[in-house]
Amino acid sequence: MQNLLLLLLFLSFVGFAESAPVKKNYFCTKCFILIEKAGSPIGFNCRAGGHHSWFCLGECGDKIYRCRKCSLLLKSKNSPMAFHCQSGGHHNWQFLATFGENTYHCSKCDLLINSQEKPAVFYCPAGGHHNWKKY
Ligand SMILES: [Zn+2]
Ligand SMILES: [Zn+2]
Ligand SMILES: [Zn+2]
């Protein structure tokens, strides 16, 4: 409850009090699920046992990022926070594309992306470049 009050204070301070709540990417540092939520998510029922341990990766947005180490994919406003990579150490974020109406599929690593433009070709986890095909 105190966190919520602090958040509201912060929002009114920066002048966003009347706009819709900003969604953020929350990531559990124990079971590694990702959820998009405005305000702190609830902590119960972590698959790793006990409560989730949420870490905020930043505001949701229309830029698609993928971690080259743990393959986590998310939509973010800015470059996401680097801490707590599932593969250990820091995430290694790569900007892939801007979210949009087109669907691209890599025939090598099976990644599916909805984007405006053809996503970046570098660092396909299957090796070499992604082989994007537009649906
Ligand atoms: Zn969890
Ligand atoms: Zn990672
Ligand atoms: Zn690929």
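Predicted model: local features only at pLDDT ≥ 70, side-chain atom pairs only at ≥ 80, totals over all residues.
Reader: Start with the open sheet. What is the strand order?
Author: The order is β2-β1-β3, with antiparallel pairing.

Reader: Which strands stand at the edges?
Author: β2 (34-37) and β3 (54-59) do. Each has a single partner strand, so one side of each lacks a neighbour in the sheet.

Reader: And the angle between neighbouring strands?
Author: On average they are turned by 30 degrees against each other, direction ignored.

Reader: How many bridges between β1 and β2?
Author: Four, in the antiparallel sense. Lys24 has Lys37 in β2 as its bridge partner.

Reader: New topic: β4 and β5. How do they run?
Author: Antiparallel, joined by four bridges. Ile64 stands opposite Lys75 in β5. The hairpin has five residues between the strands, and Ser71 there takes a positive phi near 70 degrees.

Reader: Which β5 side chains are buried?
Author: Leu74 and Ser76, which point to one face.

Reader: Now the largest nonpolar core. How many residues?
Author: It has 15. Among those with the most contacts inside it are Phe27, Ile64, Tyr65 and Leu74.

Reader: Which strand gives the largest share?
Author: β6, with four residues. β1, β3, β4 and β6 (93-106) each supply at least two.

Reader: What does each domain put in?
Author: At least three residues come from each of domain 1 (1-60) and domain 2 (61-135).

Reader: Last one: what does Tyr65 touch, leaving out residues up to four places away in sequence?
Author: Leu74, Ser76, Pro80, Trp93, Gln94, Phe95 and Leu96.

Technical notes. Residues numbered from 1 in each chain as written. Chains lettered and ligands numbered in written order. Buried ≥ 20, exposed ≤ 12 C-beta atoms within 10 Å, placed from the backbone. Pairing = 2+ DSSP bridges. Axes fitted to C-alpha atoms, helices over the stretch in contact; angles between N-to-C directions. Core = buried A, V, L, I, M, F, W, Y, C linked by C-beta atoms within 7 Å. Domains from an automatic or database assignment. Contact = placed C-beta atoms within 7 Å.
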